[in-house]
Amino acid sequence: MTTTNRNDDAAINPERLLARARAAGFGPGRTFAGPRTAAASRTVLLRLLGRMARDRLIVTEPDGTDHHFGPPHRADDPLGTIEATIEILDPRAWTAVVREGSIGLGRGFIEGWWRSDRPTDVVRVLIRNLHTVDEVRNRINRVTGRFGDTARRALPRTSPTRNREDIGTHYDLGNEFFRLFLDDSMTYSSAVFADAGSGGPSGTIRRDLLAGSLAKYDRLLSKLGVHADHQLLEIGTGWGGLAIRAAEGRGATVTTTTVSQQQYEEATARLTASPAGDKVRLLNRDWRELDGRFDRVVSIEMIEAVDWRDYDRFFGTIARCLAPDGMVGLQAICVPDGRYERVKNTEDFIRRFVFPGGFLPSLGAMARSIGRATRLQILDVEDFSAHYAETLRLWRTRFEERIDEVMALGLDDRFCRLWRFYLAYCEAGFLERHCTVNQIILVGPDWRPTGLDLRPV
């Protein structure tokens with residue numbers, strides 16, 4: 001393997017980011033019609049907020065007027081009461097939310113049309129009060145959703161080339177950018193914290209992000225019983241964290257693949273520096289192109305880049321590459337089953353501005369696909385969503401601490417607001433279980449337990 005130059009491989013192209021931003025539809029020229037439309041949108045939103053059933057929200061307008069929403073604080077509320085504040089800076093904020101929902105909410109923050117010192121709490125309050133609206137939208141989707149499914153199935157399937165473009169839009173921002181807020185293992189997935197019981201996700205303890213990332217890897221490798229005689233396939237290398245951990249800590253022989261050029265180059269450098277790097281084969285190959293037979297297969301937060309129409313093929317590929325008595329470890333960000341059928345064909349803030357082409361599965365959708373396409377069986381599911389909320393809080397804290405270095409890479413205020421809101425939006429989602437993260441263990445048809453002891457974690 002050849003070592004790459006970290007100064008060259010991590011270069012960020014601000015022009016590419018600007019082009020991406022314009023394609024997503026935000027920028028100085030975005031008007032959202034005139035003052036009458038903004039006034040009508042304001043009226044609609046103020047009425048909707050007046051129906052808040054829990055928590056407290058204060059909306060401050062440019063003329064200094066404050067609007068207070070939500071019922072009085074209830075001491076017996078098991079979830080507690082969140083108080084959040086929004087400051088409206090531009091009337092386009094009203095119109096954007098009415099027209100685009102979460103996309104418009106994010107757009108307004110990115111453009112500076114509204115601000116809050118605690119955007120995570122703003123999103124949490126909105127999620128907590130969306131329950132009734134979500135139920136109505138879900139019922140409507142049960143009637144109309146099949147038409148959306150039919151229309152989407154008629155569209156061309158995603159291709160390896162399209163997947164590379166979508167993945168590159170996010171991950172190829174540059175290794176130096178991600179290095180600013182990730183831990184030293186360059187892990188861009190949920191950590192697992194040993195001190196989760198002392199203070200909770202919102203506690204004041206400064207948890208060790210690197211230790212949490214390594215603990216997550218060890219937890220998954222332990223569930224799979226990975227050892228030195230195993231051939232392990234990883235789908236989605238990231239920056240090489242799990243592959244290095246499996247080779248160095250377990251002595252396994254690893255084949256790992258990524259379609260991100262930046263990740264491929266950084267993982268190459270890290271494997272070259274690792275004493276067990278010769279036990280890892282790094283590929284720049286799409287998951288559809290994988291072959292061979294492996295004792296264990298791992299994929300950490302990669303299925304979110306797989307179109308739901310390709311789930312059967314994705315799990316079929318895993319089953320084809322797995323020994324009959326093998327095991328699979330899959331870590332996935334999921335939406336609840338009750339919302340899956342609606343959101344799978346709905347664009348939101350994340351899919352518009354952050355992960356183009358992304359799809360969040362549900363546990364049920366994956367289980368149905370596994371049953372259709374394979375003989376694999378689900379052995380275990382573990383949810384640790386609170387740990388992801390804490391991971392995101394730490395990433396956001398580190399991002400803010402190094403904001404000057406972020407901007408020194410050629411990234412402007414708008415980009416920084418985009419990432420600030422993205423991290424806060426995701427943190428709120430996990431805190432309120434609007435989405436979850438799960439480690440799922442699958443086994444091949446010939447797998448049998450070796451005894452009565454539960455597999456250690």
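The chain exposes about 20700 Å², and carbon and sulfur atoms supply 52% of this area; accessible areas come from the Shrake-Rupley method with a 1.4 Å probe, and for residues only the protein chains shown count as cover. This is a predicted model, in which local features need pLDDT of at least 70 and side-chain atom pairs count only at pLDDT 80 or more, while totals for chains, interfaces and linings use all residues. Residues are numbered from 1 along each chain as its sequence is written, and side-chain values use heavy atoms, with hydrogens and water left out.

**Overall composition**

The chain has 19 helices and 11 strands, taken as DSSP runs numbered from the N terminus (helices: H or I, at least four residues; strands: E, at least two). Of the 457 residues in the chain, 53% are buried (buried: under 20% relative accessible area; exposed: over 50%; partly exposed: in between; 1.4 Å probe, protein chains only). Among contacts (heavy atoms within 4.5 Å) between residues at least 6 apart in sequence, 80% join residues at least 24 apart.

An open sheet of mixed pairing is formed by 4 strands in the order 2-1-3-4; two strands pair if DSSP finds at least two bridges between them. Its edge strands, each pairing on one side only, are strand 2 (66-69) and strand 4 (114-115). Strand 1 (residues 56-60) runs antiparallel to strand 2 and is joined to strand 2 by 4 bridges. L57 has F69, in strand 2, as its bridge partner.

**Helix 16 and its cover**

Helix 16 (residues 363-373) has G364, A365, M366, S369 and I370 as its buried residues. The elements covering these residues include those tabulated below.

| Covering element | Residues |
|---|---|
| helix 13 | 311-321 |
| strand 9 | 322-334 |
| helix 14 | 337-343 |
| strand 10 | 377-383 |
| strand 11 | 436-443 |

**Surface patch and cysteines**

V44, L48 and V98 make a nonpolar surface patch of about 240 Å². Patches are made of residues with over 30% relative accessible area and no salt bridge, with like charges joined within 9 Å and nonpolar side chains (Val, Leu, Ile, Met, Phe, Trp, Tyr) within 5 Å; a salt bridge is a side-chain nitrogen of Lys or Arg within 4 Å of a carboxyl oxygen of Asp or Glu. L48 lies in helix 3 (residues 35-49) and is partly exposed, with a relative accessible area of 46%.

With a disulfide taken as a pair of cysteine sulfur atoms within 2.5 Å, the count comes to 0 disulfides. The cysteine sulfur closest to that of C435 belongs to C426, 6.7 Å away and therefore too far for a bond. C435 counts as buried at 13% relative accessibility, and C416 counts as buried at 3%.
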